[in-house]
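Follow along with the structure beside you.

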Amino acid sequence: MTAKAPYHHGSLRGTLIDVAVELIADDGVDGFTLAEAAKRAGVSAAAPYRHFAGKAALLGAIADDGFERLAADLRGAVSEQAPDGGLVDLALAYVDFAIREPARFTVMFDSTGRSPRSRAGLAALGVLGDVLEGLHARDRLAMPVDTALRATWSLAHGMAMLRLGGMRTIAEEDSPQLRRQVFTAMLAGVLRPGPATDPGAAG
């Protein structure tokens with residue numbers, strides 16, 4: 001791929017994040033260098049060091065950027081009017097993000113050479129926490145909020161990893177409808193039955 005046109009003044013940091021994601025998509029986390037990112041961005045090999053101390057710092061920025069994008073997607077999926085408070089829709093949005101942004105998603109959960117905890121990551125997890133707190137306030141959780149958070153996140157992340165890993169029963173048979181059915185079944189154990197979900201409530 002040819003180098004991109006030189007960046008506009010003041011946008012190098014974001015450009016380097018984007019081109020690094022492209023390189024990671026092609027060659028993996030271990031296969032890209034700051035020098036290659038600079039070349040693709042159309043700047044000198046020294047230019048990235050104005051914004052990043054090294055490769056680990058750039059990976060950290062990619063992770064933070066990814067978590068900010070994920071948080072925005074999760075906030076957009078929240079529907080307090082849904083019988084489950086939007087819990088299934090949050091899980092679906094999580095998997096959709098992983099499918100749409102596999103390179104960013106990989107970096108977000110690869111702590112090699114950097115701290116796995118960040119404010120951006122905790123903020124994204126906080127979107128799920130807020131939904132669960134709302135369900136707890138309505139006496140809809142079948143377990144403590146912290147336990148429900150871990151259970152829900154584990155289910156969504158597990159589905160995402162199976163999907164990205166190409167596991168046949170997930171990736172080859174995948175569809176939005178199937179994912180919704182799976183999450184509805186799995187997350188039923190997190191919730192207490194409510195008026196809209198009690199057997200025989202409708203009909």
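Predicted model: local features only at pLDDT ≥ 70, side-chain atom pairs only at ≥ 80, totals over all residues.

Entry 1: Helices here are DSSP runs of H or I with at least four residues, strands are runs of E with at least two, and both are numbered from the N terminus. Residues are numbered from 1 along each chain as its sequence is written, and side-chain values use heavy atoms, leaving out hydrogens and water.

Which residues of H2 (residues 34–41) are buried? I listed Leu34, Ala37, Ala38, Arg40 and Ala41. They sit on the same side of H2, because they cover an arc of only 165° around the axis. That arc is taken from the directions from the helix axis to the C-beta atoms. Buried means under 20% relative accessible area, exposed means over 50%, and partly exposed is in between (1.4 Å probe, protein chains only). Helix H1 (12–27) and helix H3 (55–77) are included in what covers the buried residues of H2.

**Entry 2: the whole protein.** I counted nine helices and zero strands. Buried residues make up 41% of the 203 residues. I also looked at contacts (heavy atoms within 4.5 Å). Among those between residues at least 6 apart in sequence, 74% join residues at least 24 apart.

**Entry 3: the cores.** A nonpolar core is a set of buried Ala, Val, Leu, Ile, Met, Phe, Trp, Tyr and Cys residues joined through side-chain atoms within 4.5 Å. The largest one has 36 residues, and Leu70, Leu87, Leu132, Leu141 and Phe183 touch the most other members. Among the elements giving two or more residues to this core are H3, helix H4 (87–100) and helix H9 (176–187). H4 gives the most, with 10 residues. Apart from this core lies another, of 24 residues, including Val19 and Ala38.

I then checked Leu141, leaving aside its neighbours within four places in sequence. The contacts of Leu141 include Leu132, Ala148 and Val190.

Entry 4: Asp139 is not a glycine, yet Asp139 has a positive phi of about 60°. Most residues other than glycine have a negative phi. I found Asp139 in the loop between H6 and H7. Is Asp139 buried or exposed? Asp139 counts as exposed, because its relative accessibility is 53%.

**Entry 5: rings.** The structure holds four aromatic pairs. Rings of Phe, Tyr and Trp (its six-membered ring) pair if their centres lie within 6.5 Å; planes under 30 degrees apart count as stacked, over 60 as edge-to-face and the rest as tilted. Tyr94 and Phe105 make an edge-to-face pair, 5.7 Å centre to centre with 90° between the planes. Tyr94 lies in helix H4 and Phe105 in helix H5, so this pair ties together parts 11 residues apart in sequence. Phe105 also forms a tilted pair with Phe109, at 5.0 Å centre to centre and 55° between the planes. Phe105 counts as buried because its relative accessibility is 1%, whereas Phe109, at 32%, counts as partly exposed. Ring pairs link Phe67, Tyr94, Phe105, Phe109 and Trp153 into a cluster.
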